[in-house]
Each structure stands twice: as structure tokens, then as C-alpha cells.
Amino acid sequence: MAQNDTARYLVTYDIADPKRLSRLFRFLKKQGVPIQYSVFLVESSAAKMANLMVKIAKMIHKDADDVRAYRMPENGWQVSLGASILPEDVLPGAGSQ
């Protein structure tokens, strides 16, 4: 994948302080779609994703908080059970089960 090609990323977090948690949630809501508590789907290039993680690193406490980003494969396996808060076209394969 080239640096400017767009991909989907899951950004997950566990933030110890409620103020930092609120700040990070508001920031990520501008970048992507909340999937579940502490999980966001972000569509971005690798270069922009690296920049996003640099910004997040400045918001968190490195010894108390945990933030991770995972690039989703283009044709990865996915299954959903139960009610979803997302529109059917957000995740690949959603709505086809």
C-alpha cells in the first residue's frame, strides 16, 4: 500500500482519566465513526494515519493510557451479530449475512 492510498483502520483506546477520555473521543469523532465503546473506524491514508497517531500521542498519558490502530485488510473476514449502530454500507460485507 502506498502512503497516500486510503485504507480503513480500527482505532481502539483505554484512557484512564475521564478528561483525557472525553478529549480523545471528541477528537476521534471528527476523524472517523464510533463503532463501539472505545473503538473507531477511520478511513485514511497511511501518512495521515501516522500524523493522527502523533496528535493522539500528545493527548494521552503514555504510562496510564493505551491507544492502538489496526489496518483492516481490504477483503478481510468479518461477521456481525446483533443490532448495529452503523449504516449497512460502512463495513465491508455488512448487511450480506
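What share of the contacts in the protein with a separation of 6 or more comes from residues 24 or more positions apart? In this predicted model, such residues account for 70% of those contacts. The protein has two helices and four strands. Along the sequence, the elements follow the pattern β-α-β-β-α-β. The chain holds 97 residues, and buried residues make up 28% of them. The accessible surface comes to about 7000 Å². Carbon and sulfur atoms contribute 52% of that surface.

With 14 residues at 1.5 Å a residue, α1 should span 20 Å. Its end C-alpha atoms are 20 Å apart, in agreement with that value. L24, F27 and L28 are the buried residues named in α1. These residues cover an arc of only 95° around the axis, so they fall on the same side of α1. The other side of α1 carries P18, K19, R26 and K30, which are exposed. The buried residues of α1 pack against β1, β3, α2 and β4. The N-terminal end of α1 is capped by D17. A side-chain oxygen of D17 lies 3.1 Å from the backbone nitrogen of K19.

Helix α2 (residues 46-59) was treated in the same way. Its 14 residues should span 20 Å at 1.5 Å a residue. The end C-alpha atoms of α2 are 20 Å apart, which agrees. M49, L52, I56 and M59 are buried in α2. They cover an arc of only 65° around the axis, and therefore sit on the same side of α2. Several elements cover the buried residues of α2, including β1 (6-14), α1 (18-31), β3 (39-45) and β4 (66-71).

Charged pairs were considered next. Side chains of opposite charge can pair when their charged atoms come close. A search of the whole structure finds three salt bridges.

One of the salt bridges joins the side chains of E43 and R8, at 3.3 Å from N to O. This pair links distant parts of the chain. E43 belongs to strand β3 and R8 to strand β1, and the two are 35 residues apart. The relative accessible area of E43 is 52%, so E43 is exposed. R8 has a relative accessibility of 24% and therefore counts as partly exposed.

A salt bridge also forms between the side chains of D65 and R20, with an N to O distance of 2.7 Å. D65 lies in the loop between α2 and β4, whereas R20 is in helix α1, so the pair ties together parts that are 45 residues apart in sequence. D65 counts as buried because its relative accessibility is 9%, under the 20% cut-off. R20 counts as partly exposed because its relative accessibility is 22%.

The side chains of R68 and D66 meet in a salt bridge as well, at 3.0 Å from N to O. R68 has a relative accessible area of 42%, so this residue is partly exposed. D66 has a relative accessible area of 32% and is therefore partly exposed.

Note on methods:
Residues numbered from 1 in each chain as written. Predicted model: local features only at pLDDT ≥ 70, side-chain atom pairs only at ≥ 80, totals over all residues. Heavy atoms only, no water. Expected span 1.5 Å × (residues − 1). Buried < 20%, exposed > 50% of the residue type's maximum accessible area, 1.4 Å probe, protein only. Arc of directions from axis to C-beta. Contact = heavy atoms within 4.5 Å. Salt bridge = Lys/Arg side-chain N within 4 Å of Asp/Glu carboxyl O. Areas by Shrake-Rupley, 256 points an atom, 1.4 Å probe, with all protein chains shown as cover. Polar contact = N/O pair within 3.5 Å; in protein donor to acceptor, adjacent residues only side chain to side chain.
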